Amino acid sequence: MTHSHDALCRCPHAAFDPRVFASAQRMLGRRAFLGGAAAAVAATAFWPSRAMAAEGVTVLKAARLFDGMKMQTPGVLVLRGDKIVSFNAGDAGSDATTIDLGDATIMPGLIDAHTHVAAGVAVSTYLARPGKSADSVAEAALLSIHNATGMIRNGFTTIRDVGGGSGIDLAMRNAIANGFVVGPRILAAGPGLSITGGHGDENDLSSMIHVDETIESGIGFGPYGFRQRVREHVKRHVDLIKILATGGVLSYGDAFDVPQMNLDEIQAVVDEAHKFGLKVAAHAHGDRGIREAVLGGVSSIEHGSGVDTPTLKLMQERGVYLVPTIWALDSILVPGNPNKISQNGLDKANSAAKIRNAGMQRAVASSVKIAYGTDAGVFPHDQNNKDFALLRAMGMSALDLLKSTTTNAADLLGTSDRGRLAPGLLADIAVFNGDPSQNIALLEKKPALVMLGGKKIA
């Protein structure tokens, strides 16, 4: 018997058995009921407002509304359940709840395309970083809930996690989706793929220390080795693949702007990921490494320090996004070193800063698509709204910045159900006082309202 199946199917196929199917249907129905009941109880316990009526109709009114592309006045948005209905208050009905927000701007929920929500698990107390790492997976998971809360309170209703260990990023994604924890919707990459001794390897450990390798590892060698890593990540149900194409700033002993993965390795990762419908994001500093990653077929360049004009033209031709992470580098260089960064990290950060600004100004002047991303996790997660003003100072217009964290970011993530305000899309909403198209720094202040799936969060 011939069976048709899509590229995501990895299961063996046998003849269809209606008895097995009926039994599975009964079990899944019971599981869904129990899971839904548990989620409802947990959501109420974690955050009372999550228990609002699922199909209630709400009308939001404000001085203006940004739909993901343009500003319009006045701002009116009708929500029913977890979806947007229209921009016409007449569609709401007489029993709708109206929230008048005054001199504010209704926007799609913000998207941060480059975060690390999971706290790290340090292999020794010497390497532990207070507030950023833990000495057990359990403790790291609890810290991660705090991290997620900080970002959604800033108005970020979706984040892309581009590198997490111990499965915490995947577990957080699932817990939030099932209503057990309140936080932004997460697209998770699992551990970044790295060469041996590269930016994603534990290269600050003594050679005497051996860390047992697990399926969570991202360390590979050669095209076929990296294909295997992609397959292991697919087995863990990641949403994208992250590669570390060059060295990094906070890793020990490597040059931040030197290519690490070879072109054939990058091409193998991209080819294998695309088979499973996954995009590839590439950490890359320095023009040589950025260009190599673009030639390899990645969907986005993360950081992009020192990108030059010919490479930007290639990115534009191929539709490759740039995800700058400005505050991450600046936070390392804060006078007095409050984050206790090693001298090696400080030296590399200073070198990266010398090429970053010029590269970003070239990028802003080009037609390359830019998606907002911050590298939250290098700094406290509740500071992931600081990049707006920094990018504005580098020449991005306020309107382009609003698009970068809504429409553009949703396009990069492949999430067509959010990032815009339009009938039928998710009612993920962020409302900010004033007009951020005139003063982008308003996005650094706490939102007047945050809604996730039509439910008030903050």
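This is a predicted model: local features need pLDDT of at least 70, side-chain atom pairs count only at pLDDT 80 or more; totals for chains, interfaces and linings use all residues.
Student: Does Lys 348 count as buried or exposed?
Tutor: Residues are numbered from 1 along each chain as its sequence is written, and side-chain values use heavy atoms, with hydrogens and water left out. Buried means under 20% relative accessible area, exposed over 50%, and partly exposed in between, with a 1.4 Å probe and protein chains only. Because its relative accessibility is 9%, Lys 348 counts as buried.

Student: Which residues is Lys 348 in contact with, leaving aside its neighbours within four places in sequence?
Tutor: Contact here means heavy atoms within 4.5 Å. With those sequence neighbours set aside, the partners of Lys 348 are Gly 248, Val 249, Ser 251, Asp 254 and Phe 256.

Student: In which helix does Lys 348 lie, and at which residue does that helix bend?
Tutor: Helices (H or I, at least four residues) and strands (E, at least two) are DSSP runs, numbered from the N terminus, and Lys 348 lies in the run covering residues 343-365, which is H9. The bend at a residue is the angle between axes fitted to the seven residues ending there and the seven starting there. By that definition H9 bends by about 30 degrees, and the residue concerned is Arg 356.

Student: What covers the buried residues of H9?
Tutor: The buried residues of H9 include Lys 348 itself, together with others such as Leu 346, Arg 356 and Met 360. Among the elements that cover them are helix H7 (309-318), strand E18 (321-323), helix H8 (326-332) and helix H10 (387-393).

Student: Over residues 1-18, how many contacts beyond four places in sequence does the model have?
Tutor: The chain averages a pLDDT of 86, and 82% of the residues score at least 70. Over residues 1-18, however, pLDDT stays under 50, and the number of such contacts in the model is 12.

Terms used:
pLDDT is the predictor's confidence in each residue, from 0 to 100.
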